[in-house]
Amino acid sequence: MWYTHEIANVQQYKQRRHSSDYRGNCAMNIGSLGIHTPRRDYAGAVGGVAGIPVKRLFRRQDCLAMNAQIYLCMLLAMASLLLLAWWRNGAITAPYPQLAGFTALVMWPVYQLTGVFQQSRGRIQCLLQLTKAWGLTLGFILTLGFVTKSSESFSRLVLVGWALLAYSLQVICYLTTLKLLQRFHLHYGEPIRTAIVGSQALAHHLARSFDDNPWLPDRIIGVIDNSVKGRDSWDGSLSPWLGYTRDLEQLVQQHGIRRVYIALPLSCSDMIESIYDRLVDKNVDIIWAPDIFSLRLLNHGVSEVAGVPLLSLSESPMAREGQVLAKSLLDTLVASFALLLLSPLMIAVALGVKLTSPGPVFFRQQRHGWDGRVIEVIKFRSMYMHREDGDSVTQASRNDKRVTPIGRFLRRSSIDELPQLFNVLGGSMSLVGPRPHALQHNEYYASLIKPYMIRHRIKPGITGLAQVNGCRGETESVDKMKHRVDYDIDYINRWSLWLDITILVKTPFTLLSKDIY
């Protein structure tokens, strides 16, 4: 199948879930198969922060149409570069063929990771993703050319013309392919008559998702639901209530249903098995949409090993070598460039720290890194030398007498964090990620915030999603730290190279804050 299945807008589902009545027990009743689920606390069920998109449940699936469009874009990018080189020089000479081939190699992983041409997206969203992916490709190539000093071998006119021409051709290719696919879908794509067996929030979410996505072939005929409140909630809905589960076989035959989604939680495994047994000989597709949103999910997705389906509930986004390589490459290139650019400032700061107060230039502290490993983080020293009571680590506070005059400026501007660029080059930190905290602070907050330590499933960063959203400075209350953790988990769930680049671009505009001291 050339289409993809995805569950979108999980945050909207979570909000509806809060308002649903989920009382009672998931008890097996062969006569009526009453659908009831236990009451649970869904606070923070799907990690994330209000106003921030939440990671979709299923990872993107490769499809023929999406891959074909990427291949076409690669060919258009190469052809347009070679054409402009021929127009400029009268012949296609080195190093343009090499650049064309390298561009194709960069485009494939970038376009795959950014989900360009994913058909469950709308047209505008796909165009935005295409713009991001092409911009990311050009940015990587130009940065590499600048670092290796190979950009001087190319005509500026050819490069600028190529960036605009190749992008325009890719947009035209996408819109043309989209039109052809829509015509094919309209004339040859037979809709699949579909029913949902479930109650209230999850069934509502599924029905709305299918109705809002014209690319999916599922046509929701209605919902089969035993709950009285659930049945009443379907009045006036696009998906009508069909009947009770005791009449499941008759309803499937009466409405010509060819696919059934079972929207029930994990606790109803006996009920799910019974529904499957009743439908397995009815020549219908049977798909289970498990209700797992009571858990604090991290980078969740679906995979398969040796024919066994695996549902990942908590997994590091760095579980794949390609993602680790891509993030490490971005860290190394940007950190190297930043050190070269900022080295005069760092030398001046080092002299200022050394001359204004006794003690070392750098402050070193052990903190938790990727997967909880202990790392040593480097900062410019911003405090007078002092001793803490026991093993405690006291956070800096407003008008803290331990902070030196120059240290106050360094902390307000976050210049004291610049030596962590060496941590990035050493591989213990990343440019973007959850900020590492002192070991003692982690132990304290881990006992108060669940799940606090899950934020270590990715490398810690110099900046992060929490920081560019205003979560900076002292965390004098548990609620403030919980707010940061929510952002950190949301970052892990939504991680992508483009998100890292976006955070890096936003960071300079958030450095000066009245809450930092």
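Trainee: Which residues in helix 10 meet Leu497, Asp500 and Ile501 in helix 16?

Mentor: This is a predicted model, in which local features need pLDDT of at least 70 and side-chain atom pairs count only at pLDDT 80 or more, whereas totals for chains, interfaces and linings use all residues. Residues are numbered from 1 along each chain as its sequence is written, and side-chain values use heavy atoms, with hydrogens and water left out. Helices (H or I, at least four residues) and strands (E, at least two) are DSSP runs numbered from the N terminus, and a contact means heavy atoms within 4.5 Å. On the side of helix 10, the residues that meet Leu497, Asp500 and Ile501 of helix 16 are Ala326, Lys327 and Leu330.

Trainee: Are helix 10 and helix 16 roughly parallel or roughly antiparallel to each other?

Mentor: Axes are lines fitted to C-alpha atoms, for helices over the stretch in contact, and angles run from 0 to 180 degrees between N-to-C directions. Helix 10 (residues 321-356) and helix 16 (residues 497-506) have axes 10 Å apart and pack at an angle of about 25 degrees. Angles under 35 degrees count as roughly parallel, over 145 as roughly antiparallel, 65 to 115 as roughly perpendicular and the rest as oblique. Helix 10 and helix 16 are therefore roughly parallel.

Trainee: How many nonpolar residues are in the contact of helix 3 with helix 4?

Mentor: The axes of helix 3 (residues 96-114) and helix 4 (residues 123-148) come within 9 Å and cross at roughly 135 degrees, and the two helices are therefore oblique to each other. Their contact includes Phe102, Val106 and Tyr111 of helix 3 and Trp134, Phe140 and Leu144 of helix 4. By class (Ala, Val, Leu, Ile, Met, Phe, Trp, Tyr, Cys and Pro count as nonpolar, Asp, Glu, Lys and Arg as charged, and the others, Gly among them, as polar), the contact has no charged residues, while 4 are polar and the nonpolar ones number 13.

Trainee: What percentage of residues 328-353 is helix?

Mentor: The unreviewed UniProt entry annotates residues 328-353 among its "transmembrane region" stretches, with positions given in the numbering used here, feature names shortened, and annotations that may be inferred rather than shown by experiment. The C-alpha atoms at the ends of residues 328-353 are 31 Å apart, and the chain there has 0% strand, with a helix share of 100%.

Trainee: Is serine 414 buried or exposed?

Mentor: Serine 414 lies in the loop between helix 11 and helix 12 (420-426), and has a positive phi of about 65 degrees although it is not a glycine. Most residues other than glycine have a negative phi. Buried means under 20% relative accessible area, exposed over 50%, and partly exposed in between (1.4 Å probe, protein chains only). At 15% relative accessibility, serine 414 therefore counts as buried.

Trainee: What is the relative accessible area of asparagine 283?

Mentor: Asparagine 283 is placed in the loop between helix 9 (269-279) and strand 5 (285-288), and its phi, near 55 degrees, is a positive value in a residue other than glycine. Asparagine 283 is exposed, at a relative accessible area of 74%.

Trainee: Which residue does a cis peptide bond join to alanine 94?

Mentor: Most peptide bonds are trans. Here, in the loop between helix 2 (64-89) and helix 3, lies proline 95. With omega at about 10 degrees, the residue joined to alanine 94 by a cis peptide bond is proline 95.
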